[in-house]
Each structure stands twice: as structure tokens, then as C-alpha cells.
Amino acid sequence: VQLVESGGGLVQAGGSLRLSCAASISTESINTMGWYRQAPGKQRELVATIASGRGSTNYADSVKGRFTISRDNAKSTMYLQMNSLKPEDTAVYYCRALGRRVGVAFDYWGQGTQVTVSS
């Protein structure tokens, strides 16, 4: 299973970016997908998650009201729309997929995409 992130880049504070995470398998077998980030010298932290079914979402307090997570099961892709970006949002953003396939649980990570917000 591969998760491939894209959409990162350099943006000024107040700007927007949309990250994408394409999965190499059908998202039907994925229970939860999420975005995490890691800034230099800091631990990796949760940004947002989205569950299968009703698509329940969960956000870190620091991004609530600014970021929106979504998934398109037909395209096996998850998105993170990031608005009103701040310099403190600068980090490598990773997508994660947890689920079960052929009775075996899995937990996969993408390779990450850099987001840099200039002040």
C-alpha cells in the first residue's frame, strides 16, 4: 500500500494550500485517514482525522476553523484544505491510513510533503 502526498509548497501568511493524499488501494478497506505534521525539532502531531462511513472528523485545536479534511472514496484520495495559514503551520505534513485488509490490520504513512509559510 502506498500513500502519496502532494500539494505542499511555499505560501505567505494568510494564504491557502490544499494537500492531497492518494492511496494505492480502495479506501473501502481504510477505517481512518489522517493528516499529521512535524516541524523541525518537534514531535509529530495530529492535525486532523476523518473516519469512514459518516466521515466523522477531528481537528487539533490549533487548526480548527482554518483547515478542512475530506476524502473522496471514488478517487481513493484524502484532502486537507488549509486556509489562513500561519508561520507556525510550517512543517512536513504526512498522511496516514489505518484499516484492515484480508483480516489483517494495517497502519501506513506517506513520505510527507513540505509546507512553508512565510511571515
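Biologist: In the hairpin of S9 and S10, which residue takes a positive phi?

Modeller: This is a predicted model, and in it strand S9 pairs with strand S10, residues 104-109, in the antiparallel sense over six bridges. The hairpin that these strands make has two residues between them, and the residue there with a positive phi, near 55°, is Val102.

Biologist: Which residue of S10 does Leu98 stand opposite?

Modeller: Strands S9 and S10 pair in the antiparallel sense, with S10 spanning residues 104-109. Within this pairing, the residue of S10 that stands opposite Leu98 is Asp107.

Biologist: How many bridges join strand S4 to strand S9, and which residue of S9 is the bridge partner of Met33?

Modeller: Strand S4 covers residues 30-38 and strand S9 covers residues 91-101, and the two run antiparallel. The bridges that join them number eight, and the bridge partner of Met33 in S9 is Ala97.

Biologist: Over how many bridges do S9 and S11 pair, and which residue in S11 does Tyr93 stand opposite?

Modeller: S9 and S11 also pair in the antiparallel sense, in this case over three bridges. Strand S11 comprises residues 113-118, and the residue in S11 that stands opposite Tyr93 is Thr113.

Biologist: Is Val117 buried or exposed?

Modeller: Val117 is found in strand S11, and its relative accessibility comes to 5%. Because the limit for the buried class is under 20% relative accessible area, Val117 counts as buried.

Biologist: How many residues apart in sequence are the parts that the pair Cys21 and Cys95 ties together?

Modeller: A disulfide is a covalent bond between the sulfur atoms of two cysteines. The sulfur atoms of Cys21 and Cys95 are 2.2 Å apart, and the two cysteines form a disulfide. Cys21 lies in strand S3, residues 17-23, and Cys95 in strand S9, so the pair ties together parts whose separation in sequence is 74 residues.

Biologist: Which handedness does the link of Cys21 and Cys95 have?

Modeller: Both Cys21 and Cys95 are buried, and the count of disulfides comes to one. With 55° about the S-S bond, the link of Cys21 and Cys95 is right-handed.

Key. Residues numbered from 1 in each chain as written. Predicted model: local features only at pLDDT ≥ 70, side-chain atom pairs only at ≥ 80, totals over all residues. Heavy atoms only, no water. Helix = DSSP H or I, 4+ residues; strand = E, 2+ residues; numbered from the N terminus. Buried < 20%, exposed > 50% of the residue type's maximum accessible area, 1.4 Å probe, protein only. Pairing = 2+ DSSP bridges. Disulfide = S-S within 2.5 Å.
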